[in-house]
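Work through the exercises below with the sequence and the 3D view at hand. Try each task before reading its solution.

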Amino acid sequence: MMIQRFGAEGGTGTGGQHLPFSSAVEAGGFLYVSGQTPMRDGEVVEGGIVEQSQLAIDNCFAIMDKAGYSAADVIHVTVILTDARYFQSFNKVFKENFGDHPPARICSVCDLVVDCKVEVGIVCYKSP
């Protein structure tokens with residue numbers, strides 16, 4: 001089985017720190033997208049949970065697109081919220097992005113190492 005890494009050079013985190021992990025890894029038809037936060041150019045984009053959720057998902061979709069995957073290939077989403085009160089608003093954004101064929105999902109509440117409201121990780125599958 002071949003393993004392909006996307007963004008293995010690492011990205012830029014808050015304060016310009018180097019992120020020492022791949023943005024995604026593909027193996028055996030699966031694509032594992034590292035958790036994405038609402039960041040652009042290494043800085044958190046301010047906004048409410050709706051704006052931050054959409055940007056985190058958009059960041060995942062951009063990585064997936066580079067690897068040749070689309071929203072139709074998403075089989076599982078991991079969501080971390082920093083406040084349980086964000087749950088309903090996140091669900092609205094989630095439904096707008098995944099429509100009538102949503103993937104499986106886990107959603108938890110905990111602190112994040114980045115000062116934002118949400119982090120989203122995605123697993124995709126395409127038959128090799």
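**Exercise 1: a residue and its core**

Task: list the residues in contact with leucine 31, leaving aside its neighbours within four places in sequence.

Solution. Contact means heavy atoms within 4.5 Å. By that rule, leucine 31 touches Phe6, Ala24, Val25, Glu26, Met64, Ala67, Tyr69, Ile122, Val123 and Cys124. This is a predicted model, in which local features need pLDDT of at least 70 and side-chain atom pairs count only at pLDDT 80 or more, while totals for chains, interfaces and linings use all residues. Residues are numbered from 1 along each chain as its sequence is written, and side-chain values use heavy atoms, with hydrogens and water left out.

A nonpolar core is a set of buried Ala, Val, Leu, Ile, Met, Phe, Trp, Tyr and Cys residues joined through side-chain atoms within 4.5 Å. Buried means under 20% relative accessible area, exposed over 50%, partly exposed in between (1.4 Å probe, protein chains only). The largest core has 26 residues, and Leu31, Met64, Val120 and Ile122 touch the most other members. Two or more residues come from each of strand S3 (30-36), helix H1 (49-66), strand S6 (74-81), helix H2 (87-98) and strand S8 (118-125). Helices (H or I, at least four residues) and strands (E, at least two) are DSSP runs, numbered from the N terminus. H1 contributes the most, 7 residues.

**Exercise 2: salt bridges**

Task: how many salt bridges does a search of the whole structure find?

Solution. A salt bridge is a side-chain nitrogen of Lys or Arg within 4 Å of a carboxyl oxygen of Asp or Glu. The search gives 2. One joins arginine 85 to aspartate 83, with the closest N and O atoms 2.5 Å apart. Arginine 85 is exposed because its relative accessibility is 71%; aspartate 83 is buried because its value is 18%. Aspartate 100 and lysine 95 form a salt bridge at 3.6 Å between the closest N and O atoms, and both residues are exposed.
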